[in-house]
Amino acid sequence: MSKNLFEITLQNRRNLHSILTKTPKEKLLKIPEGFNNNIFWNIAHTVVTQQILQYKFSGLQMRVPDELVAKFMKGTTPDGTATDEEIMMVADFLISTIEWLKEDYDTDLFQNYQEYTTSARVTLKNIDDAIAFNLFHEGLHIGTIILLLRAVC
């Protein structure tokens, strides 16, 4: 696998971190007409999904709290609220989860993988597939976030 995928993912996360930390809270949480989620949900969802696709399906302990997973996993919808602490926790996880991923990958922590077919009908067979697919998934959400930013600004 190309080591550059980690750098690309990390840059995507830096971009999301910038949006999360520079956008006023009321805009992060606003659900504009025609949308079913908000900027904060999309950003937190990328963190949670990465953990599920790469750690959970590898049979490993996820590095984010179960409460965060339950609130932002696929199939959830935002309630339009978030504490400042929750926003900062997601901001911290944006970068740290990718740094941990690279460390864990480099130490061969990912030995097993439970095959999984995504809602995009892509079957992930190993950690390399999950890392590559995660970039695609985050790209979709960055596109949505850009549309949401336009709608709330």
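1. Salt bridges. A search of the whole structure finds six salt bridges (a side-chain nitrogen of Lys or Arg within 4 Å of a carboxyl oxygen of Asp or Glu). The model is predicted; local features need pLDDT of at least 70, side-chain atom pairs count only at pLDDT 80 or more, and totals for chains, interfaces and linings use all residues. Residues are numbered from 1 along each chain as its sequence is written, and side-chain values use heavy atoms, with hydrogens and water left out.

2. Lys3 and Asp106. These two form a salt bridge, with the closest N and O atoms 3.0 Å apart. The pair links distant parts of the chain, 103 residues apart: Lys3 sits in the segment before α1 (4–22), Asp106 in helix α5 (residues 84–106). Helices are DSSP runs (H or I, at least four residues), numbered from the N terminus. Lys3 is partly exposed at 43% relative accessible area. Asp106 is also partly exposed, at 38%. For these labels, buried means under 20% relative accessible area, exposed over 50%, partly exposed in between (1.4 Å probe, protein chains only). Lys3, Lys102 and Asp106 are linked in a network of salt bridges.

3. Asp84 and Lys25. Their side chains meet in a salt bridge of 3.1 Å, N to O. Asp84 lies in helix α5 and Lys25 in helix α2 (residues 25–29), so the bridge ties together parts 59 residues apart in sequence. Asp84 is partly exposed at 48%. Lys25 is partly exposed at 32%.

4. Arg63 and Asp104. This salt bridge is 3.1 Å, N to O. Arg63 is in the loop between α3 and α4, and Asp104 is in helix α5, 41 residues apart. Arg63 is partly exposed at 32%, whereas Asp104 is buried at 8%.

5. Helix packing. α3 and helix α6 (residues 127–152) pack at about 175 degrees, their axes 9 Å apart. Axes are lines fitted to C-alpha atoms over the stretch in contact, and angles run from 0 to 180 degrees between N-to-C directions. The two helices are therefore roughly antiparallel (over 145 degrees). Their contact residues divide into 12 nonpolar, 10 polar and one charged.

6. Cavity. The structure holds one cavity of 30 Å³ or more. A cavity is a set of points on a 1 Å grid where a 1.4 Å probe fits but cannot get out; lining residues have an atom within 4 Å of a point. The volume of the largest cavity is about 40 Å³, counted as the space filled by probe spheres set on the points. Its lining includes Leu29, Phe40, Trp41 and Lys71. α3 (39–54) and α4 (66–72) each supply at least two lining residues.

Note on methods:
1 Å grid on protein atoms, 1.4 Å probe; cavity = no way out; pocket = protein on both sides within 12 Å on 5 of 7 lines; lining within 4 Å. Parallel < 35°, antiparallel > 145°, perpendicular 65-115°, else oblique. Nonpolar A, V, L, I, M, F, W, Y, C, P; charged D, E, K, R; others polar.
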